[in-house]
Amino acid sequence: EASALVIDEDDFHPSVALAKLNTSLARIFSINLDETSAEICSAMFLGNKDKLSNLTERDFSRAGASHLLALSGMHVSIIMGLLMLFLKKLRTPSKLIAVMLIVCSVFYLLLTGIKISATRSVIMVLLVYLATLSSRRHDSLTSLAFAGALIVIVSPCSVLDVGFWMSFGATLGILIYVQSFTKLTAKLEGKSKLLKPITTVLSALVAGIFALMPLLI
């Protein structure tokens with residue numbers, strides 16, 4: 001059942017303000033870039049896939065890069081990583097960096113519409129920063145499980161979204177690869193630099209298998 005939110009022009013509502021800010025940022029892309037580039041940037045960094053032309057979506061699909069257009073943990077990690085690098089260059093204390101990144105990551109998630117894959121990433125990132133603030137050890141698998149449980153509790157229907165399973169499956173695959181195969185690949189790479197491409201393909205293959213598993217079951 002559809003519903004509409006009617007707000008007096010003098011009232012302030014966070015969701016409306018964030019939507020306006022999102023639109024304003026998308027307009028900056030359109031002013032400074034050509035039409036296609038603006039569409040791609042708006043989709044990748046603001047989550048506005050509805051503005052993509054059919055031609056752009058077709059080209060990305062044929063290139064096997066459609067996932068780049070969907071706002072995900074990769075985009076969150078890149079943006080937060082660049083912000084962290086900038087703050088470190090300013091010699092900001094580590095705990096202050098953690099606080100600022102917590103605020104920025106939550107704000108970015110709200111700005112881009114709370115996509116499932118981005119939500120998973122932000123929750124995991126928040127746990128990393130909270131561990132830093134409390135001087136505790138961070139465990140990635142525990143963070144992934146906590147993120148999944150929290151999303152399901154808040155939005156049970158998320159389990160019906162294949163994007164939910166692909167996001168968590170791919171992340172699980174990467175974590176399992178890191179924990180189980182890092183030492184093996186390090187030994188292989190130590191024996192010959194020619195094996196580096198093989199280990200890179202292996203890591204991508206493991207992540208891909210876990211990402212596609214929900215579709216194969």
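**Pockets, patch and contacts in a helical model**

Helix 8 gives the most to the lining of the largest pocket, with nine residues. The model discussed here is predicted.

Reader: Which elements make up the protein, and in what order do they run from the N terminus?

Author: The protein has nine helices and zero strands. Of its 217 residues, 31% are buried. From the N terminus on, the order of the elements is α-α-α-α-α-α-α-α-α.

Reader: How much space lies in the largest pocket?

Author: Empty space is found by rolling a probe the size of a water molecule over the atoms. Lining the largest pocket are 36 residues, and those nearest its centre are Ser 72, Gly 73, Met 74, Arg 120 and Ser 167. The elements that each give two or more residues to this lining are helix 4 (73-89), helix 6 (116-134), helix 8 (162-191) and helix 9 (196-216). The space in the largest pocket comes to about 1100 Å³.

Reader: How many residues in the lining of the largest pocket are nonpolar, polar and charged?

Author: The lining of the largest pocket consists of 36 residues. By class, they divide into 18 nonpolar, 14 polar and four charged.

Reader: Where is Met 74 found, and how far in space is Met 74 from Met 44, C-alpha to C-alpha?

Author: Met 74 is one of the residues nearest the centre of the largest pocket, and it is found in helix 4. Its relative accessible area is 35%, so Met 74 counts as partly exposed. Met 44 is 30 residues away from Met 74 in sequence, and the C-alpha to C-alpha distance in space is 10.0 Å.

Reader: Is Met 166 buried or partly exposed, and what distance separates its C-alpha atom from that of Ser 117?

Author: Met 166 lies in helix 8. Because its relative accessible area is 28%, Met 166 is partly exposed. Met 166 and Ser 117 are 49 residues apart along the chain, and their C-alpha atoms are separated by 8.7 Å.

Reader: Which residues lie closest to the centre of the second largest pocket?

Author: The second largest pocket holds about 260 Å³ of space. It is lined by 17 residues, and the closest to its centre are Leu 109, Thr 119, Ile 123, Leu 150 and Ile 151.

Reader: Which helix supplies the largest share of the lining of the second largest pocket?

Author: At least two residues of this lining come from each of helix 5, helix 6 and helix 7 (140-154). By class, the lining of the second largest pocket has 14 nonpolar, three polar and no charged residues. The largest share, seven residues, is supplied by helix 6.

Reader: Which residues form the nonpolar patch on the surface, and is Val 103 buried or exposed?

Author: The patch is formed by Leu 96, Val 99, Met 100 and Val 103, which together have about 320 Å² of accessible area. Val 103 lies in helix 5 (residues 94-111). The relative accessibility of Val 103 is 52%, and the cut-off for exposed is over 50%. Val 103 therefore counts as exposed.

Reader: How far apart are the closest N and O atoms in the salt bridge of Asp 59?

Author: A search of the whole structure finds one salt bridge. Arg 58 is partly exposed because its relative accessibility is 39%, and Asp 59 is partly exposed because its relative accessible area is 38%. Asp 59 forms the salt bridge with Arg 58, and the closest N and O atoms are 3.1 Å apart.

Reader: Where does Arg 91 lie, and what is its phi?

Author: Arg 91 lies in the loop between helix 4 and helix 5. With a relative accessible area of 77%, Arg 91 is exposed. Most residues other than glycine have a negative phi. Arg 91 has a positive value, near 60°.

Conventions
Residues are numbered from 1 along each chain as its sequence is written. This is a predicted model: local features need pLDDT of at least 70, side-chain atom pairs count only at pLDDT 80 or more; totals for chains, interfaces and linings use all residues. Side-chain values use heavy atoms; hydrogens and water are left out. Patches are made of residues with over 30% relative accessible area and no salt bridge: like charges are joined within 9 Å, nonpolar side chains (Val, Leu, Ile, Met, Phe, Trp, Tyr) within 5 Å. Accessible areas come from the Shrake-Rupley method with a 1.4 Å probe; for residues, only the protein chains shown count as cover. A salt bridge is a side-chain nitrogen of Lys or Arg within 4 Å of a carboxyl oxygen of Asp or Glu. Helices (H or I, at least four residues) and strands (E, at least two) are DSSP runs, numbered from the N terminus. Buried means under 20% relative accessible area, exposed over 50%, partly exposed in between (1.4 Å probe, protein chains only). On a 1 Å grid over the protein atoms alone, a cavity is a set of points where a 1.4 Å probe fits but cannot get out, and a pocket is an open set with protein on both sides within 12 Å along at least five of seven lines; lining residues have an atom within 4 Å of a point. Grid points are joined across faces, edges and corners, and a volume is the space filled by probe spheres set on the points. Ala, Val, Leu, Ile, Met, Phe, Trp, Tyr, Cys and Pro count as nonpolar, Asp, Glu, Lys and Arg as charged, and the others, Gly among them, as polar.
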